[in-house]
Amino acid sequence: MLGNALLILTAMIWGTAFVFQRVGMERIEPITFNAARMALAAVAVGLVSAVPMPAERDKLSAMNEKEKERYRRNTIFGGICCGTFLAAASIFQQMGIVYTTAGKAGFITAMYMLLVPVIGFVLLGKRNSWIVWLAVLMGVAGMYLLCMDGSFRLTRGDTLICICAVLFSGHILCCDHFVKLGNPIRISAIQFATCTVISSVAALILEAPTVDKIVSAAIPILYCGIISGGAGYTLQIVAQKFTDPTIASLLMSLESVFAVIAGALILGERMATRELIGCVIMFAAIILVQIRGE
């Protein structure tokens, strides 16, 4: 219950962040925006990770030296691995949101809900119930209605967000693996530091970042960095200690619903009837896949 509650809170934070990301793109390039918000998240979570935790101290005291070394190594390597996936996924998402609405970007990003069980089955041999596979098929149908206009062609923004969804699936599975082997809070801090470095290098190569541009998008960067980034991704990593990765991906995909609501209320965005039907089918798939089939 604790893990599920934290993941729903995470979904609400992330869904609202799509609005701030959309607004931020009016003033700054996408990769520069991503680098700035990840730097803020790295500082925020880094400060939290530096605070001694009694539970962590007790856990380490019960380990021998070899186990402690393995634990620290998994923390560092896990943070770098998760950060690499996060950097790639968030860069594609930020570039894609330039060409689509906040609500649509939220629902396409939610494709990771469908991809996690598929990737887990193909690469890791994790078995899923028939209900999960039915939900995956429903999700594909919903994605078709949401993204295709009858010409079997994705728009530029849709394609970028679809790539982002694949990468976020890898991020969830990576978190699920390492969160049980290392310190979750420090894994989160290291992942943001890794993401900041990768995004900053990419921004310097592909864009022209300036302090003035960053200042002009200060409010969206602050929200996406500290609230969506620092708080949201740390809540995800902590919550995944208590929740199955497939269920975690489904709960977090509720960000798509919050994204549509926030986009409509704050930005006045509207979807076509076909796109709304696609959203409804995808949401039904999200609910259905949480039912345990035999």
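How many of the 8 residues of helix α5 (residues 102-109) are buried? In this predicted model, 8 of the 8 are buried, so helix α5 is largely enclosed by the rest of the structure.

The protein as a whole contains 14 helices and 0 strands. Along the sequence, the pattern is accordingly written α-α-α-α-α-α-α-α-α-α-α-α-α-α. The radius of gyration is 19 Å, close to the 19 Å given by the globule rule for 294 residues, so the protein is as compact as a globular protein of that length. Taken along the principal axes, the box filled by the C-alpha atoms is roughly 60 × 55 × 30 Å.

Of the 294 residues of the protein, 53% count as buried. Among the contacts with a separation of 6 or more, 90% are accounted for by residues 24 or more positions apart. Charged side chains number 22 positive and 17 negative, and a distance of 4 Å separates the centres of the two sets.

Q21 is found in helix α1 (residues 2-24). The relative accessible area of Q21 is 2%, which is under the 20% limit for a buried residue. Apart from neighbours within four places in sequence, the contacts of Q21 are F33, R37, Q93, Q94, I97 and C224. The second residue, I172, lies in helix α8 (residues 156-178). I172 has a relative accessibility of 3% and likewise counts as buried. I172 and Q240 are separated by 68 residues in sequence, while their C-alpha atoms are 8.9 Å apart in space.

The average pLDDT of the protein is 81, and 91% of the residues score at least 70. Helix α9 (residues 184-206) has the highest confidence, at a mean of 91, whereas helix α12 (residues 245-252) has the lowest, at 70.

Terms used: Residues numbered from 1 in each chain as written. Predicted model: local features only at pLDDT ≥ 70, side-chain atom pairs only at ≥ 80, totals over all residues. Heavy atoms only, no water. Helix = DSSP H or I, 4+ residues; strand = E, 2+ residues; numbered from the N terminus. Rg over C-alpha atoms; globule rule 2.2 N^0.38 Å. Buried < 20%, exposed > 50% of the residue type's maximum accessible area, 1.4 Å probe, protein only. Contact = heavy atoms within 4.5 Å. Lys, Arg positive; Asp, Glu negative; His and termini not counted. Charge placed at Lys NZ, Arg CZ, Asp CG, Glu CD. pLDDT = per-residue confidence, 0-100.
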